[in-house]
Amino acid sequence: MKNRILVAAILCLISAVSWGAMFPVANHAFHHLDPFYFTLFRYGFVTIILLVWLLWKEGKQAFRFEGKGWSLWFFGTMAFTVYNLLIFWGQDLLGNPGTMIASIMESLMPMISIIIAWLFIKQRPHAFTMFCVFIGFVGASLVVTKGDFGAFFTASNDIIPSLLILIAVIGWVVYTMGGSRFSSDGWSALRYSTLSCLLGTVTAGIVVFVVTLTGYVTVPTAEAIIITSPHIAFMVIFPGVIALVGWNYGVSVIKPLNGLLFLNFVPVTTLVIQIFQGASVTAYDYVGTIFIILSLVSNNIYLRWQQGRLEPKEKYKGRLQETEA
């Protein structure tokens, strides 16, 4: 059991670090390849690998939709079309600053999931959790605006790409929350990841085809593909296959409450890589990242404390009911 927990924790760590590293890698690739085809190539290969893996692991019966085809398509589109296309498109439009902004937005996923649960499931969060959400929002705002809030909101060139990234992150949160429906029905993380990735990538391919017809992007040259092949290979192996399946497995073992802590490594990894690359990192990037990490850790500790208080009460109620029976 201990070895299983250790493996799960390592997979969550690798996933978070991979997600933090993918933005600097993508930023370098965008000098040669547009984000649309970059994303399509990436998840085209990921889909092929997952299909072969699922066939070997669970057999042909795992490819049955079991009446969940539309749900799989919706959640897959949220993740592999909305998230992947928009987050890299927004990052590319913002230029070099987009690398840190996309990373910070990604680390806000736990806070965004809290807000979504509040709005749609009517699951009201604790007041302290809302305070942590506010602190996280302040941290993200510092990174996005670089402290100049007025100039940011008057610069439409920055607002639109940032909104694209925010919509992308919300798409991934919806996908993650949808995964619980399938796991409760006995679907493995590999099966949900594979079939949703297949349908979502097909949708992304249609979008890229349409965008190409409009002339906004062009089919990449062989030279561009060769130059960016190491970047695509990294994106396929680590932020793609390992992070997608590894994260879903890891969280199922160590529970979401523990898994969320690993998301702290996303902006930290991005910052470290940018520093080594010699990119311009401002004081607002440092302060904003610290705010985000503090908000995530504080909320996680608070939820653990709340859980620790409730468990003895629930056990006492259970024993009392057994005694009365």
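## Basis of the model

The structure is a predicted model, in which local features need pLDDT of at least 70 and side-chain atom pairs count only at pLDDT 80 or more, while totals for chains, interfaces and linings use all residues. Residues are numbered from 1 along each chain as its sequence is written, and side-chain values use heavy atoms, with hydrogens and water left out.

## Overall fold

The chain has 12 helices and 0 strands, where helices (H or I, at least four residues) and strands (E, at least two) are DSSP runs numbered from the N terminus. Along the sequence the pattern reads α-α-α-α-α-α-α-α-α-α-α-α.

Of the 325 residues in the chain, 48% are buried; buried means under 20% relative accessible area, exposed over 50%, and partly exposed in between (1.4 Å probe, protein chains only). The accessible surface comes to about 16,500 Å², and carbon and sulfur atoms account for 70% of that surface. Accessible areas come from the Shrake-Rupley method with a 1.4 Å probe, and for residues only the protein chains shown count as cover. Among contacts (heavy atoms within 4.5 Å) between residues at least 6 apart in sequence, 86% join residues at least 24 apart.

## Helix α6

Helix α6 covers residues 127-145. Its 19 residues reach 27 Å from first to last C-alpha, close to the 27 Å expected at 1.5 Å a residue; the expected span is 1.5 Å times one less than the number of residues. The buried residues of α6 include T129, C132, V133, I135 and G136, and the list also includes G139, A140, S141, L142, V143, V144 and T145. Just after the helix, K146 has a positive phi of about 60°.

## Helix α9 and S196

Helix α9 spans residues 189-214. It has 26 residues and extends 37 Å between its first and last C-alpha, close to the expected 38 Å. G215 follows α9 and has a positive phi near 90°.

S196 lies in this helix and counts as buried because its relative accessible area is 0%. The side chain of S196 makes a polar contact with the side chain of Y175 at 3.0 Å. A polar contact is a pair of N or O atoms within 3.5 Å; within protein, one must be able to donate a hydrogen and the other to accept it, and residues adjacent in sequence count only if both atoms are side-chain atoms. Apart from residues up to four places away in sequence, S196 touches L72, G76, F80 and Y175.

A62 sits in the loop between α2 (35-58) and α3 (69-94). It is buried because its relative accessibility is 3%. With neighbours within four places in sequence set aside, A62 is in contact with L54, R191 and L195. A62 and R191 are 129 residues apart along the chain, and their C-alpha atoms are separated by 6.6 Å.

N27 belongs to helix α1 (residues 2-29) and is buried, with a relative accessible area of 16%. A polar contact of 3.2 Å joins the side chains of N27 and N96. Not counting residues up to four places away in sequence, N27 touches Q91, G95, N96 and T99.

## Cysteines

A search of the whole structure finds 0 disulfides, a disulfide being a pair of cysteine sulfur atoms within 2.5 Å. C12 is buried at 0% relative accessible area, and C197 is buried with a value of 0%.
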